[in-house]
Amino acid sequence: YAFCKLFYNCANIVNVNKNFLPATTLSDYCYQYMFSGCRSLTTAPALPVTTLAKSCYSGMFSSCTSLTTAPVLPATTLANSCYDGMFYYCTSLTTAPELPATTLTDSCYSSMFKGCTSLTTAPELHATTLIYGCYDSMFSGCTSLTTAPELPATTLATFCYRSMFDSCTSLTTAPVLPATTLANS
């Protein structure tokens, strides 16, 4: 919990130096809700870490309503709930960052972009093996999202796609669902 909620609801922070977070090793919950509620924040710091810790970025930029661009997320080794709600209700965010991980963890992308009403493009999702709650509510409430990403998995896990596109009112085409082995919810 090293920097958990450090700048929570600091509504007047406009930007953060790109190299503000130089850590190369993270600990559980270390940046959780760090900038949550920073409504004037327009620029996010770089997040160079490739191996994540449990809930490390959970809610990190939630309700940063002026954030227009997400930082690059190069992580390929995820941890449970690592990106859970990271950009929750970032209503000015227009483009999602690339998500290169191919192996998922419990709830890793859960609610990541929930309520991002300006998001028009979803990132490509590379994983073919899903895990509990991995994409749960990921794009829920993204009312400007016009194209859903491909969903290549053939075996599902409990809650993996639950409410993934709930209230995405601008979607005109549903993705192909090649899954042949289903799971609860």
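# Close-up views of a predicted model

The count of salt bridges comes to one, where a salt bridge is a side-chain nitrogen of Lys or Arg within 4 Å of a carboxyl oxygen of Asp or Glu. This is a predicted model, in which local features need pLDDT of at least 70 and side-chain atom pairs count only at pLDDT 80 or more, while totals for chains, interfaces and linings use all residues. Residues are numbered from 1 along each chain as its sequence is written, and side-chain values use heavy atoms, with hydrogens and water left out.

**View 1. The salt bridge joins Arg-162 and Asp-136.** The two side chains meet at 2.6 Å, N to O. Side chains of opposite charge can pair when their charged atoms come close. Arg-162 is partly exposed, at 36% relative accessibility, whereas Asp-136 is buried, at 10%. Here buried means under 20% relative accessible area, exposed means over 50%, and partly exposed lies in between (1.4 Å probe, protein chains only).

**View 2. Phe-61 and Phe-87 belong to the largest nonpolar core.** A nonpolar core is a set of buried Ala, Val, Leu, Ile, Met, Phe, Trp, Tyr and Cys residues joined through side-chain atoms within 4.5 Å. The largest one has 60 residues, and of these Phe-61 and Phe-87 touch the most other members. In soluble globular proteins, nonpolar side chains tend to be buried together. Leaving aside residues up to four places away in sequence, the residues that Phe-87 touches include Phe-61, Leu-67, Leu-73, Met-112, Phe-113 and Cys-116. Contact means heavy atoms within 4.5 Å.

View 3. Leu-73 and Leu-99 are 26 residues apart in sequence, and their C-alpha atoms are 6.5 Å apart in space.

**View 4. Aromatic rings pair in the model, and there are 17 such pairs.** The pair of Phe-7 and Phe-20 is tilted, at 6.0 Å centre to centre with 50° between the planes. Rings of Phe, Tyr and Trp (its six-membered ring) pair if their centres lie within 6.5 Å; planes under 30 degrees apart count as stacked, over 60 as edge-to-face and the rest as tilted. Phe-7 is partly exposed, with a relative accessible area of 22%, and Phe-20 is partly exposed as well, with 35%. The pair of Tyr-83 and Tyr-109 is stacked, because the ring centres are 5.6 Å apart and the planes lie at 5°. Both tyrosines are buried: Tyr-83 is at 1% relative accessibility and Tyr-109 at 2%. Ring pairs also link Phe-7, Phe-20, Phe-35, Phe-61, Phe-87, Phe-113, Phe-139 and Phe-165 into a cluster.

**View 5. Lys-5 lies over the faces of Tyr-8 and Tyr-33.** Lys-5 is 5.0 Å from the ring centre of Tyr-8 and 6.0 Å from the ring centre of Tyr-33. A charge sits over a ring if NZ of Lys or CZ of Arg is within 6 Å of the ring centre and within 35 degrees of the ring normal.

**View 6. Cysteines are present, but the structure holds zero disulfides.** A disulfide is a covalent bond between the sulfur atoms of two cysteines; the cut-off used is a pair of cysteine sulfur atoms within 2.5 Å. Cys-56 has its closest cysteine sulfur in Cys-30, and at 5.4 Å this is too far for a bond. For Cys-108 the closest cysteine sulfur is in Cys-82, at 5.5 Å, which is also too far for a bond. Cys-56 is buried at 0% relative accessibility, and Cys-108 is buried with a relative accessible area of 0%.

**View 7. Thr-42 is a partly exposed residue.** Its relative accessibility is 33%. Apart from neighbours within four places in sequence, Thr-42 is in contact with Val-14, Asn-15, Ser-66, Leu-67 and Thr-68. The C-alpha atom of Thr-42 is separated by 33 Å from that of Tyr-132, 90 residues apart along the chain.

**View 8. Tyr-161 is a buried residue.** Its relative accessibility is 17%. Not counting residues up to four places away in sequence, Tyr-161 touches Leu-130, Tyr-135, Leu-151, Ala-153 and Leu-156. Tyr-161 and Cys-38 are 123 residues apart along the chain, with their C-alpha atoms separated by 29 Å.

**View 9. Phe-159 and Ser-185 have positive phi values.** Phi is near 60° in Phe-159 and near 55° in Ser-185. Ser-185 is exposed, at 57% relative accessibility.
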